[in-house]
Amino acid sequence: MDVARFPDCVKLLDHLGLYLRDHAKVRILVISENGEPLVDVNSWEVMEKLHKLAEPERFTHIRLQKSPAVEFLLFEGQFQDREIMSYVIRQMNNTKFKAQGSNVILTVKIKEDGYEYPTVEEWETYFKTINGRKQWQECTPGERADTVIIKNLPTKWFSLDSNNPKPCERFLKDALALFGQIRKVDYEDCVEDGEVSDDVTSLGNQFGIPVTFNAYIQYQNYASFKAAMGGLKGKQLMRLFPGQKPTFSPFVVDYDRAGFMADRAHKIRKAERERLAEEAKRKHDAYMLQQNELMKKQMEKRQKKKRKLEEKKEEEEKRRKENEGDQKKGGKKKGMGKSEMKE
């Protein structure tokens, strides 16, 4: 599939196949026709039914929202683009179906998911308040409106090594330089999986590899920060290579309120990472030394066993030859005894 099929996309990194596309997210409410509790209704079966109701289109991502309510089921869904989203909303809204294994009639309510997004007034008021002065833009980096936070980015999409995925800061810089000059970037791993489509999610967390991460992009000036906040609004991430199907991943945008990218905090974090890296290297070296010693012992053990087998074989061969020699001597003596009797 070619990128020309998506005229609304904005290129981030061509060699990684990364683009920005318009957000196409929906909220789906499933309720019983008579207001009955849905205790016996299987949410997975309902999800399968929602997939069928969306045909011939398909969700790129759908999940059940955690909710203590038993009167309804709430889902979040994602589509490839807004055109498909609008079509499915018209097709699915107010449709009814019978819950499998029961007589409960369920009704589907679907609409575009409105998302909260920081406003210019919000961050300007915030930084004016915490700095206690109007010239908040003159404050030191990290203490002003200069850092954009992009949450739930797929780790593998920004990684140099797929076998040991971790975000590459150069890729982040190259991608987000679209909005202006970047001072520095940083990241933190997500504790929980983000809303990543099925072909992005992996078994990574079982092996200590995070599926998603949060990126911190600090711009040189306020104009670039403002352009990034505006340019990322209402967008999702798309990965597309020629001849392949596109993959989509929604993300959340915010601004840094905690001074995460302040120089002092950044230096402390860098020093801690270096310490952890050195500790990991030390542990790795100790482990490799232990493994080498173990392999050496195993090799010596195998060689010793091999020598014993060879010695045993040599001894058996020696005994065999001795037995053959004795048999030959015994045969000669027998032959001599017979000839003497004939005489």
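Analyst: Buried means under 20% relative accessible area, exposed means over 50%, and partly exposed lies in between (1.4 Å probe, protein chains only). The model is predicted: local features need pLDDT of at least 70, side-chain atom pairs count only at pLDDT 80 or more, and totals for chains, interfaces and linings use all residues. Residues are numbered from 1 along each chain as its sequence is written, and side-chain values use heavy atoms, with hydrogens and water left out.

User: How are the rings of Tyr 216 and Phe 260 arranged?

Analyst: Rings of Phe, Tyr and Trp (its six-membered ring) pair if their centres lie within 6.5 Å; planes under 30 degrees apart count as stacked, over 60 as edge-to-face and the rest as tilted. Tyr 216 is in strand β10 and Phe 260 in the loop between β13 and α6 (263-342), 44 residues apart. Their centres are 3.8 Å apart and their planes at 20°, so the pair is stacked.

User: Which residue lies over the face of Phe 260?

Analyst: A charge sits over a ring if NZ of Lys or CZ of Arg is within 6 Å of the ring centre and within 35 degrees of the ring normal. For Phe 260 the distance is 3.5 Å, and the residue is Arg 269.

User: What kind of aromatic pair do Tyr 187 and Phe 213 form?

Analyst: The structure holds 10 aromatic pairs. In this one, the centres are 6.1 Å apart, with 80° between the planes. Tyr 187 and Phe 213 are both buried. The pair is edge-to-face.

User: In what order do the strands of the 4-stranded open sheet run?

Analyst: Strands (E, at least two residues) and helices (H or I, at least four) are DSSP runs, numbered from the N terminus. Two strands pair if DSSP finds at least two bridges between them. Pairing in this sheet is antiparallel, and the order is β9-β10-β8-β13.

User: Why is one side of β9 and of β13 left without a neighbour in the sheet?

Analyst: β9 (182-189) pairs with β10 (residues 212-219) over 7 bridges. Across that pairing, Asp 186 stands opposite Tyr 216. β9 and β13 (252-255) stand at the edges, so each has a single partner strand.

User: Where is Glu 188, and is it buried or partly exposed?

Analyst: Contact means heavy atoms within 4.5 Å. Leaving out residues up to four places away in sequence, Glu 188 touches Phe 213, Asn 214, Tyr 216 and Phe 260. Its relative accessibility is 28%. Glu 188 sits in strand β9 and counts as partly exposed.

User: What does Phe 158 touch?

Analyst: Residues up to four places away in sequence are not counted. The contacts include Lys 166, Pro 167, Phe 171 and Leu 172. Others among them are Leu 18, Phe 213 and Leu 237.

User: Which strands are the edges of the 5-stranded open sheet?

Analyst: The order is β4-β5-β3-β7-β6, with antiparallel pairing. Within the sheet, β3 (residues 25-32) and β5 (residues 72-78) pair over 7 bridges, and Arg 27 stands opposite Glu 76 in β5. Each edge strand pairs on one side only: β4 (61-64) and β6 (96-98).

User: Is Arg 21 buried or exposed?

Analyst: Arg 21 is found in strand β2 (residues 18-22). Its contacts beyond four places in sequence include Asp 8, Asp 81, Gln 236 and Phe 248. With a relative accessible area of 3%, Arg 21 is buried.
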